[in-house]
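User: I would like to go through this chain and ask what stands behind each label. Please give the cut-offs as we go.

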Amino acid sequence: MKKYKYINKRTLHQYNMQVAIFIGSPRKNGNTFAMANLLAEQLKDEEIDVDVFDLYDHDIEPCIDCRECNKEQLICMQSDGMKKLYAKMEESDVLVFGTPVYWFGASGRTKLMIDRFKPYFVNKKLYGKKAALLLPSAVQIDERDLTIEQFRRLFKALGIEYLDAISMEAYEKGDVLKNENFHNLIIDLKDRILQSQHNVLEK
Ligand SMILES: Cc1cc2nc3c(=O)[nH]c(=O)nc-3n(C[C@H](O)[C@H](O)[C@H](O)COP(=O)(O)O)c2cc1C
């Protein structure tokens, strides 16, 4: 682990901090996109490497419970769009999952991706990474609890540190942009992400 006495934005850049943002909404340029894009912009302004992935642009097959990931190489033997996503997850320091709340849970494509995390339960390659959530939902109160709880338990099982969830009441496309707290909430999350890496470097 690199050690720095004084950690600033330049240092984080030199350390080559990487953030991967996964968008799990099938609605192009909807609320999840808006949240993910602003967070990506904010991080890029801090000279952080950010990659944004639209899960609906990737072919993600279901986990078929073949148990191959329990053997020898401890990796998924399926060959589909997850290959690229696995690689990016493994090289990133911080993972951000954005999904609209669909029936109190994550979107279908997001759940398909989560199911494919089974190799990480055995190979522990995500151990020590940080993660955050972007969750638009039509109703603010209580609608995201189950989604957040599922991710929290998933992160715990995989040894990932949960940072925060930004949940916003939004129904029509672009509703998040009309919320006066939108920028501040995303900036707070950006700061939280940067701080999480400061903590790593200070150890
Ligand atoms: C199939 C479906 C299920 C939904 N289920 C919920 C729900 O359980 N609770 C809720 O508050 N909003 C629900 N919504 C509303 C979306 O979460 C909301 O419109 C969100 O802003 C969509 O984000 P997007 O623009 O990124 O797709 C649902 C929408 C759809 C299409």
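Analyst: A residue is buried if 20 or more other C-beta atoms lie within 10 Å of its own, exposed if 12 or fewer, and partly exposed in between, with C-beta atoms placed from the backbone. By that count, buried residues make up 34% of the 203 residues in the chain. This is a predicted model: local features need pLDDT of at least 70, side-chain atom pairs count only at pLDDT 80 or more, and totals for chains, interfaces and linings use all residues. Residues are numbered from 1 along each chain as its sequence is written.

User: Why is arginine 67 called exposed?

Analyst: Arginine 67 has 10 other C-beta atoms within 10 Å, so it is exposed. It lies in the loop between strand S2 (49-54) and helix H3 (82-91). Helices (H or I, at least four residues) and strands (E, at least two) are DSSP runs, numbered from the N terminus.

User: What makes the chain as compact as a globular protein of that length?

Analyst: The chain has eight helices and five strands. Its radius of gyration is 17 Å, close to the 17 Å that the globule rule gives for 203 residues, so the chain is as compact as a globular protein of that length. The radius is taken over C-alpha atoms, and the rule is 2.2 Å times the number of residues to the power 0.38.

User: How does the span of H2 compare with what is expected?

Analyst: H2 has 15 residues and reaches 21 Å from its first C-alpha to its last, close to the expected 21 Å. The expected span is 1.5 Å times one less than the number of residues. Buried residues in H2 include Phe33, Met35 and Leu39.

User: Which residues are closest to the ligand?

Analyst: The closest are Gly30, Thr32, Pro100, Ser137 and Ala138, and 18 residues surround the ligand. Helix H2 (31-45) and strand S4 (130-137) each give two or more residues to that shell. A residue counts as near if its C-beta atom, placed from the backbone, lies within 6 Å of the molecule.
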